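I opened this structure for the first time today and kept notes as I went. The entries below follow the order in which I looked things up.

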Amino acid sequence: MKMKFKRKLLFFVALISLFYCVTFMQDTYGKYLTSAEANAELTIARWSILVNNQDIVNNSNFSEVVVPTFTGTSNINSNVIAPTSTGTFDLLINANDTDVSFTYTIDLDTTDCAVTDLEITGYTLNGNYYTYDGSSISNDILLTDTNKTVTITFNVEWKDGTGETMNNAADTQASKQGTAAFDINVNFIQKR
């Protein structure tokens, strides 16, 4: 009986040892599997440019906010155009809420204007006057700029006399149409 008991005890100890070894081996050869979960929150750069206080993302047509001013003379009412009239209009570019550098390009098209003698003679940018030759006006606003607001004042003149293309009859016909307009196109491209 002792022998049977010893055998059973030995069998029991062997079984426990085998169970322990299998458990130990499983931990030794097991693949480690760990999982973690997180959300990566990224800040997207702001692209908020205003032209004459109108957001270009929400509304790309800023015709209503470009208002020319004509000073008038003793013979011409203010804020109307007639031969020899001079005036100005402003483009104000505000990029204070923009987180990237970009290039702006301004193109002015006067070919569809009813008054062919109405022309843009020059513009003022950053306090400097430039003669306008019909080419694009382009400049950069950089992320590192402390002032991200640019005002460009364009000078407009109805030529009469030297250099005019319209005669008195054409001037009169243009005044009957009642509207003289320029196409202004402003493009913004992010710098890389």
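**Entry 1: aromatic rings**

I began with the aromatic side chains and found that ring pairs link Phe-89, Tyr-123, Tyr-130, Tyr-132 and Phe-154 into a cluster. I note at the outset that this is a predicted model, and I read every value here with that in mind.

How many aromatic pairs does the count come to? I get six aromatic pairs. One of them is formed by Trp-47 and Phe-102, which are edge-to-face, with 5.7 Å from centre to centre and 75° between the planes. This pair links distant parts of the chain, since Trp-47 sits in the loop between helix H1 (2-29) and S1 while Phe-102 belongs to strand S5, 55 residues apart. I then looked up how accessible the two partners are: Trp-47 has 32% relative accessibility and so counts as partly exposed, whereas Phe-102 is buried, with a relative accessible area of 0%.

I turned next to Phe-89 and Phe-154, whose ring centres are 5.0 Å apart and whose planes meet at 20°, so the pair is stacked. Here too the pair links distant parts of the chain, with Phe-89 in strand S4 and Phe-154 in strand S9, 65 residues apart. Phe-89 counts as buried because its relative accessibility is 4%, under the 20% limit, and Phe-154, at 0% relative accessibility, counts as buried as well.

**Entry 2: the nonpolar core**

Which residues of the largest nonpolar core touch the most other members? The core holds 32 residues, and the ones I wrote down are Phe-89, Tyr-104, Ile-106, Ile-120, Ile-152, Phe-154 and Phe-188. At least two residues of this core come from each of strand S4 (86-94), strand S5 (102-109), strand S6 (118-125), strand S8 (137-141), strand S9 (149-158) and strand S10 (183-190). S9 gives the most to this core, with five residues.

Leaving aside neighbours within four places in sequence, the residues in contact with Phe-89 include Val-66, Val-67, Pro-68, Leu-108, Ile-120, Ile-152, Phe-154 and Ile-184.

Pro-68, one of the contacts of Phe-89, lies in the loop between S2 and S3, and at 41% relative accessibility it counts as partly exposed. Apart from neighbours within four places in sequence, Pro-68 is in contact with Asn-79, Thr-88 and Phe-89. The C-alpha atoms of Pro-68 and Thr-88 are separated by 5.5 Å, although the two residues are 20 residues apart along the chain.

Val-51 and Leu-92 are 41 residues apart in sequence, yet their C-alpha atoms are 5.5 Å apart in space.

**Entry 3: a sheet of three strands**

In what order do the strands of the open sheet run? I read the order S8-S5-S10 for its three strands, with antiparallel pairing. S8 and S10 are the edge strands, each pairing on one side only, and neighbouring strands of this sheet are turned by 20° against each other on average, direction ignored. Five bridges join S5 to S8, and Thr-105 stands opposite Ser-138 in S8.

I also followed Ser-101, which lies in the loop between S4 and S5. A polar atom of the Ser-101 side chain lies 2.7 Å from the backbone nitrogen of Leu-143. Not counting residues up to four places away in sequence, Ser-101 touches Ile-141, Leu-142, Leu-143, Gln-190 and Lys-191.

**Entry 4: positive phi values**

My last entry concerns backbone angles. Most residues other than glycine have a negative phi, so I wrote down two that depart from this pattern. Asn-52, in the loop between strand S1 (50-51) and strand S2 (54-55), has a positive phi near 50°, and at 13% relative accessibility it counts as buried. Thr-84, in the loop between strand S3 (69-70) and S4, has a positive phi near 80°, and Thr-84 counts as partly exposed, at 47% relative accessibility.

Notes: Residues numbered from 1 in each chain as written. Predicted model: local features only at pLDDT ≥ 70, side-chain atom pairs only at ≥ 80, totals over all residues. Heavy atoms only, no water. Core = buried A, V, L, I, M, F, W, Y, C linked by side-chain atoms within 4.5 Å. Buried < 20%, exposed > 50% of the residue type's maximum accessible area, 1.4 Å probe, protein only. Helix = DSSP H or I, 4+ residues; strand = E, 2+ residues; numbered from the N terminus. Contact = heavy atoms within 4.5 Å. Phe/Tyr/Trp six-rings, centres within 6.5 Å; stacked < 30°, edge-to-face > 60°. Pairing = 2+ DSSP bridges. Axes fitted to C-alpha atoms, helices over the stretch in contact; angles between N-to-C directions. Polar contact = N/O pair within 3.5 Å; in protein donor to acceptor, adjacent residues only side chain to side chain.
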